[in-house]
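Me: I would like a close look at one part of this protein, with the terms spelled out as you go. Please keep to the backbone and its surroundings.

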Amino acid sequence: MTDRSGECNIMKLVKIVSLSLLFVVIVCFVAATLRTLTFDVNSGLQLAHWEKTNNIASDINQHQRKELLANFREAIQIPTVSTAKTQLNITALGEFDSLLRRVFPTVFSSHLVQHEVVANYSHLFWVPGSDLALVPYMLLAHIDVVPADENDGWEVPPFSAKEIDGFIYGRGTIDNKQSVMGVLQALEYLLIRGYSPQRGFFIGLGHDEEVGGLQGAMNIVKVLKRKGVQLAFILDEGLAVLDGVISGLQGPAALIGISEKGQATVKLSVFKAPGHSSMPPRESSIGILAGAVKRLEDNPMPILFGEGPERRTFEHLAHRFGLPIKFVMSNMWLFSPLIGRVMERSPDTNAFLRTTTAVTMFNSGVKVNVLPSLAEAYVNLRIHPAQTVEEVLEFIQSTVGDERVKMELVNGFDPLPVSSYDETSFGFQTIKKTLLDQFPQVTVAPGVCIGNTDSRHYTDLAKDIYRFAPTWIRPGDTQRFHGINERISKKNYEELVVFYFNLIQNCDIKELPSPHSAGHEL
């Protein structure tokens, strides 16, 4: 009887547990389904008609179209290459200065514009507003580009600005001379048409962003600090309009960077006594270091998807997916681990999930028959917003797990603060309105910039920093950044000019209108 009673109790317990689990699953499914049907983070981001409605029209005639493309081509043809902090093409930077003064004569001669050269080659413009009570904002871009060699596989010489099928090819077309020239071209046209801003703004053009911005951006910041400047927001390069890049998304998405990953460069080194290659030890300095590097590659940093602002990117885009992806994207609380496992399969999306680890340099040996005493490797890490430099270093140390491998932090900084992006965020909503007025088919979402920009030096001047340019990126284009066959369509460059032309005017409102359901949807 006791055995039979015990079996009955066990069966009852199993049934209770099974029914409980089934109940939990049903509740979760119902909750997820309701959330999928009702969830839309954009539902509260609707604004009334804006205060300023008499903007100057951004009509570009045939002569201006020919002019702006010719100016842009000239900018691409000047090889303003930054190779290292002390290796800048100063001749090209001088030529670029002359180009700007020649093709934007109104900008450089207008009584409305104050200009100064900073650190010999960077530029700072100040356009005062008529309403001194309005806090100014700032537009950033950078003049320098990374090296490019035609022998790497370019279809055309990388500084030729040659046109193929409606695209202008050349280093700097999407990083970042399209913004340099686009901002100044927009200001030139506005000034010619008699525009005078209500809200003042700065334009900062750094000359060494590709090697850290330690001369250009940092000295521009020093100038602004001496003037006591505080900014409403900053807009720099960063993310773009993605068209067909996000699998399953219905229509293009404009991702506005609200933060950027941190960065660290770590040197790993191993020292051993040198010797003759005919009498090798069981482990060489190269072998020990190679093992450490292999352990780092085999054990990537943990997936942190959902712990940083990247979660909000997918929540903002969820309503633009079809089922079943919409069901998954609308319920991050349930499916974050699954999404993370899927996204880590591709380098493009893996970068949003975790701190990435890239071994970029490995140096050792002086002669084929000499055992080297020193082996060195450099590891570049792009740090997820949910981690710090200190945490990353601890992870590397524990993963390497070998006291013979010395670790040195060459340089590094933590991820940047997250800027506001709700319906009360002046900068984000103004950028978003400008985008949707020009590209109504686009879905706008906040995002995380996986690269680093000059704007990281400006955190003391503005609480809100955004990283975006309306450059259209289609499948295959992400490899063009710092790669071969960098290009932009002529149409897209003209769109950039129009975007900045309208953005500058849209910033003239005193404050955002109060949200309501019948207004202009942002």
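In which loop does alanine 119 lie?

Reply: Alanine 119 belongs to the loop between β4 (114-118) and β5 (122-127), where strands (E, at least two residues) and helices (H or I, at least four) are DSSP runs numbered from the N terminus. The model is predicted, so that local features need pLDDT of at least 70, side-chain atom pairs count only at pLDDT 80 or more, and totals for chains, interfaces and linings use all residues. Residues are numbered from 1 along each chain as its sequence is written, and side-chain values use heavy atoms, with hydrogens and water left out.

The phi of alanine 119 is near 55 degrees, a positive value in a residue other than glycine, and with a relative accessible area of 28% alanine 119 is partly exposed (buried is under 20%, exposed over 50%, partly exposed in between, with a 1.4 Å probe and protein chains only). Alanine 161, in the loop between β6 (137-142) and β7, also has a positive phi, of about 55 degrees, although it is not a glycine, but at 2% relative accessibility alanine 161 counts as buried.

One of the residues involved is isoleucine 164, whose bridge partner in β8 is phenylalanine 167. In the loop between β8 and α5 (177-192) sits asparagine 176, joined to aspartate 175 by a cis peptide bond with omega of about 5 degrees.

Terms used: Two strands pair if DSSP finds at least two bridges between them.
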